[in-house]
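Biologist: Please take a close look at one part of this model for me. I would like to hear about the cavities and what lines them.

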Amino acid sequence: MATLNPEIPGRKLAALAAIVSLPFAYLTQFLFMTASDGEVAMFQSGDQMMGLAADKAGLFYAAMWTDVLGYYLIFIPVIVYAWKALRHIDENLTDIAFLCGLIYCLLGSFGAVQMAGAFEALHAGQSAGTAAAWEASIGGNWRGYWLLEAILVAIWLGGLAKLLSAIGLKALGLSAAALSAIWVVQFITSHAGMVEISDAALALVVVLSPLWSAWLGVALLRGEKKGGS
């Protein structure tokens, strides 16, 4: 059975980043739900979003920034460490998987901050065209950046699943494979116009991914204590 390369530094940072992503991710969902009173579909409605009260608008704006930490940029230490520590197991698979993971983190972050900036500007300076401008903005991200993310993260998690299994973390590997499969379902059903299934798949990964990330972080911390690295 292969093992993590014990000479690679950064395990603790990667572990802590994975664990800390959980509260940021769930804070994001709390802010989204509070801003929309539980009706998150309203985020795609220009009229409703431009009509948000100032306090609700502030919550939505904040959620876009916590989204960056909960689901995207915070994973860069994990990706960099795992790429270096697992590359000796399967060089090609590791390179492809973790390149997709890095692009996923950057693409998601760009989308989130673009949406935050667009919303703040449109909501503050409303005119006859701001509702349509918001719908065009969120539509471009939803059907562009964020839909592409599904394939990128599916490749990343699929490759990581095989690598984790190779070092004996089979349960984590199987869970990563399951999340990868759900992302593929979300991508396919979204393109097929199967909105209810697509939304359900997205809800699953949004809720389960932070738990899996924290689990991975704990596993890395345990490995550090055992290996003394």
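Modeller: On a 1 Å grid over the protein atoms alone, a cavity is a set of points where a 1.4 Å probe fits but cannot get out, and its lining residues have an atom within 4 Å of a point. Grid points are joined across faces, edges and corners, and a volume is the space filled by probe spheres set on the points. This is a predicted model, where local features need pLDDT of at least 70, side-chain atom pairs count only at pLDDT 80 or more, and totals for linings use all residues. Residues are numbered from 1 along each chain, and side-chain values use heavy atoms, without hydrogens and water.

The count comes to 2 cavities of 30 Å³ or more. Helices here are DSSP runs (H or I, at least four residues), numbered from the N terminus. H4, H6 (130-166) and H8 (195-227) each supply at least two lining residues. H4 gives the most, with 4 residues. By class, this lining has 11 nonpolar, no polar and no charged residues. Ala, Val, Leu, Ile, Met, Phe, Trp, Tyr, Cys and Pro count as nonpolar, Asp, Glu, Lys and Arg as charged, and the others, Gly among them, as polar.

The second largest cavity has a volume of about 30 Å³. Its lining includes Ala18, Phe75, Trp156, Trp212 and Ser213. H8 gives the most to this lining, with 3 residues. The classes here are 7 nonpolar, 1 polar and no charged.

Methods:
On a 1 Å grid over the protein atoms alone, a cavity is a set of points where a 1.4 Å probe fits but cannot get out, and a pocket is an open set with protein on both sides within 12 Å along at least five of seven lines; lining residues have an atom within 4 Å of a point.
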